[in-house]
Amino acid sequence: MKIVIAPDSFKGSLSATAVCDIVEGAILKIMPTAEIVKIPISDGGEGLVEVLVRHQSGERITIKAKDPLAREITAAYGILRGGVAVIEMSAASGLPLLTDDERNPLKTSTYGTGEMIADAIKRGCRKIILGLGGSATNDGGLGVANALGVCFYDQEMERLEPIGENLCRVKTVDTSKAEILLKGVEITVACDVENVLCGHLGAAAVYGPQKGANPDMVTFLDRGLEAFGQLLEMKTGMKLIQLKGIGAAGGMALPLVAFFNAQLKSGLEIVLDEIGFDSAICGADMIITGEGKTDAQSVMGKVISGVGKHGKIQNIPVVVISGALDVGYETIYQCGVVAAFALFSNDRGLAWHMENAAELLEQRICDLFRFLAIICMIPQNSSQKKRSG
């Protein structure tokens, strides 16, 4: 029996790699002769670097970069075969880098993410895969572009600090230095949301509050994004403000798309292509996937939906084992999933379940495969009875 283990991370509890190892160990306790293929997956956000570096035996690079408040930190990214750099913006511009009191999208910047991109280019990388998600920023990409050499000026031609509160002040953009650095460089932005730049479905309105924005800040940032977007539309002739996904991570990809032909793509599909997922699952009898919480959003470009759809194409049943099954999880059955199970099973609360996720996952897999082992024996026993009769 060939079993593919292809989960996302259980955020806050277990990495995708750890989930693979635990599930493998539990299966082999019950079915020691099973062929196991482990494929930890990311949807382009958390775990992107770990997953792709692992699959392609890439190199992990550590550099000094600025955090969202311009403090020097250590940030890491990966370099894969063929000079492909894979970068998670959260490594330098992520919300976990700030305390609750420090969250303020008027003051935060994506500059550190730009430093990682610049470092990768200087090391010879000609293709950049940039994973969005978990950002502490709403700077419309001012920071990342500035770190790559783009300069922003106000009406008096004073150079602007690349932070969210200055979006509405940008009147002039100089890309000449960045054009030299980025010549011949292909940027693919891994994005799993469809938010536009501004408005009620825009970056500030949807994600600003979790980054520390109060209602007045949200309104101010939204106007800034709109003004900056209009400026870039005027300069490039491109339709940017209503582009699906451009509002992800506080509009970070906006100048990359406008000036450097960056492409927004499904983070999950980028990962599945890079790791050769369709070839890896060929001939499998079952795929096991999972995530921290499965709900109605799991069908929106998340790992479970992608794994389910790819499994369905090859007629491979996909089973979900997640930390919890929440409202609307049943929609995953439309995506090739045949069964779903949760680790959350008693009244001890979320914190206890997260702390004990490894043990709970092992127990649930053992229970499932004890049942499957019996099912697998039924046809053989039935045929023996027929022959003896």
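**Close-up views of a predicted model**

**Figure 1. Confidence along the chain.** The protein chain averages a pLDDT of 91, and 96% of the residues score at least 70. This is a predicted model, in which local features need pLDDT of at least 70 and side-chain atom pairs count only at pLDDT 80 or more, while totals for chains, interfaces and linings use all residues. Residues are numbered from 1 along each chain as its sequence is written, and side-chain values use heavy atoms, with hydrogens and water left out.

**Figure 2. The aromatic pair Phe-152 and Phe-228.** Phe-152 and Phe-228 form an edge-to-face pair, 5.8 Å centre to centre with 75° between the planes. Phe-152 lies in strand β7 (residues 151-153) and Phe-228 in helix α8 (residues 215-236), so the pair ties together parts that are 76 residues apart in sequence. Helices (H or I, at least four residues) and strands (E, at least two) are DSSP runs, numbered from the N terminus. Both Phe-152 and Phe-228 are buried; buried means under 20% relative accessible area, exposed over 50%, partly exposed in between (1.4 Å probe, protein chains only).

**Figure 3. Nonpolar cores and Tyr-77.** A nonpolar core is a set of buried Ala, Val, Leu, Ile, Met, Phe, Trp, Tyr and Cys residues joined through side-chain atoms within 4.5 Å. The largest has 61 residues, and Tyr-77, Ile-128 and Phe-228 have the most contacts inside it. Helix α8 gives this core its largest share, seven residues. Apart from this core lies another of 32 residues, among them Val-53, Leu-268, Val-307 and Val-337. Beyond four places in sequence, the contacts of Tyr-77 include Val-49, Ile-61, Val-86, Met-116 and Arg-123.

**Figure 4. Thr-188 in strand β9.** Strand β9 spans residues 186-190. Thr-188 is buried, with a relative accessible area of 5%. Leaving aside neighbours within four places in sequence, Thr-188 touches Lys-127, Ile-128, Ile-129, Leu-130, Gln-263, Lys-265 and Ile-270.

**Figure 5. Helix α12 and its cover.** Eight of the 11 residues of α12 (residues 303-313) are buried, so this helix is largely enclosed by the rest of the structure. Among the buried residues are Val-303, Ile-304, Val-307 and His-310. Their cover includes α10 (267-275), α11 (277-280), β11 (286-289) and β15 (337-342). Asn-315 follows α12 and has a positive phi, near 55°.

**Figure 6. The second largest pocket.** On a 1 Å grid over the protein atoms alone, a pocket is an open set of points with protein on both sides within 12 Å along at least five of seven lines, a cavity is a set where a 1.4 Å probe fits but cannot get out, and lining residues have an atom within 4 Å of a point. The second largest pocket holds about 210 Å³ of space; grid points are joined across faces, edges and corners, and a volume is the space filled by probe spheres set on the points. Of its 14 lining residues, Cys-191, Val-193, Lys-244, Lys-265 and Ser-266 lie nearest its centre. Strand β10 (residues 263-265) gives the most to this lining, with three residues.

Key. pLDDT = per-residue confidence, 0-100. Phe/Tyr/Trp six-rings, centres within 6.5 Å; stacked < 30°, edge-to-face > 60°. Contact = heavy atoms within 4.5 Å.
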